[in-house]
Amino acid sequence: AIKTLQQFREVPFFQEFGNAIDKIVDRVAVGSDPNNDMNQYIGFESSVSVGGNEFLPQLLKAIREKELVLFSYQSFISGLAKQRKGMPLYLKEYRNRWYILLFDLEKKDIITYGLDRMADLEVLDESFSLPLEFDPQVYFQDAIGITAFKGSAEKISLKANKIAQRYIDSQPFHPSQRLVNQTQTHGIFELKILISEEFIRLLLSYGGEVEVIEPAHLRKTIE
């Protein structure tokens, strides 16, 4: 089975699953000896299931066949559940959670819903024509994480100390990121993105090691 997976490793459709295939290969490689108590020597990253994955086949079918869906959705903010109805457009995974981008009929806009907060999903025998063109690659091209919205990407300038610079260099925030200046004590990065809650949380995770130079409103938010 591992050899079969490796044959598909470079096929375009499977490239986005490359990390998952590598994990399986690594897991089998270190655990092939039945007498080896692997857990004493190596720890693989694991995620706690948050639920909602059972809806993936139904939602994928609805996307392909352009059918409307109806479900109950519980808000993180209010804690209340409310029925939502719309046209599912795209499934996206982010940090081990699945999300559906839905053209919400009530809000008349594209809204992102987490599958873990959905219940009582129904695929309706109703077709629907979108009032707009939707291209997921274009929709997310300036986004970090799951949040994307209408608006213009902004130029971000960040000053990172030497240690943070190395981390940010090795794990860029976004494909647009560039190291534009470097000294013995710090590096200056520039990128162009839509500022989102996910990006703000990433910046805050560096504490005082990263300083926002511009734009001014992001600098104020981080302060």
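Here is a conversation about a predicted model of one protein chain.

Student: What should I know about the model before I start?
Tutor: This is a predicted model, in which local features need pLDDT of at least 70 and side-chain atom pairs count only at pLDDT 80 or more, while totals for chains, interfaces and linings use all residues. Residues are numbered from 1 along each chain as its sequence is written, and side-chain values use heavy atoms, with hydrogens and water left out.

Student: How many helices and strands are in the chain?
Tutor: The protein chain has 8 helices and 9 strands, where helices (H or I, at least four residues) and strands (E, at least two) are DSSP runs numbered from the N terminus.

Student: And what share of the residues count as buried?
Tutor: Of the 223 residues, 34% count as buried; buried means under 20% relative accessible area, exposed over 50%, and partly exposed in between, computed with a 1.4 Å probe on protein chains only. As for contacts (heavy atoms within 4.5 Å), residues 24 or more positions apart account for 54% of those with a separation of 6 or more.

Student: Which residues have the most contacts inside the largest nonpolar core?
Tutor: They are I156, L158, F173, F199, L203, V210 and L218, in a core of 18 residues. A nonpolar core here is a set of buried Ala, Val, Leu, Ile, Met, Phe, Trp, Tyr and Cys residues joined through side-chain atoms within 4.5 Å. At least two residues of this core come from each of β6 (154-161), α6 (162-170), β8 (186-193), α7 and β9 (210-214).

Student: What does L218 touch?
Tutor: Once neighbours within four places in sequence are set aside, L218 is in contact with I156, I195, F199, I200, L203 and V212.

Student: Switching to charges, how many salt bridges are found?
Tutor: The whole structure has 12 salt bridges, each being a side-chain nitrogen of Lys or Arg within 4 Å of a carboxyl oxygen of Asp or Glu. One of them joins R97 and D116 at 2.7 Å, N to O. R97 lies in strand β3 and D116 in the loop between β4 and β5 (118-127), so this pair ties together parts that are 19 residues apart in sequence. R97 is partly exposed at 27% relative accessibility, and D116 is partly exposed at 22%.

Student: Where do K61 and E65 sit?
Tutor: K61 and E65 are 4 residues apart in helix α4 (residues 56-65), which separates them by about one helical turn, and their side chains meet in a salt bridge of 3.2 Å, N to O. K61 counts as partly exposed at 40% relative accessibility, as does E65 at 45%.

Student: Which residues are linked in a network of salt bridges?
Tutor: The network links K82, R84, D104 and E106. Within it, the side chains of E106 and K82 meet at 3.4 Å, N to O; E106 lies in the loop between β3 and β4 and K82 in strand β2, so the pair ties together parts that are 24 residues apart in sequence.

Student: Is D104 buried or exposed?
Tutor: D104, which is found in strand β3, is buried, with a relative accessible area of 0%. Not counting residues up to four places away in sequence, D104 touches R84, K85, G86, D109, I111 and Y113. By contrast, E106 counts as exposed at 53% relative accessibility, and K82 as partly exposed at 43%.
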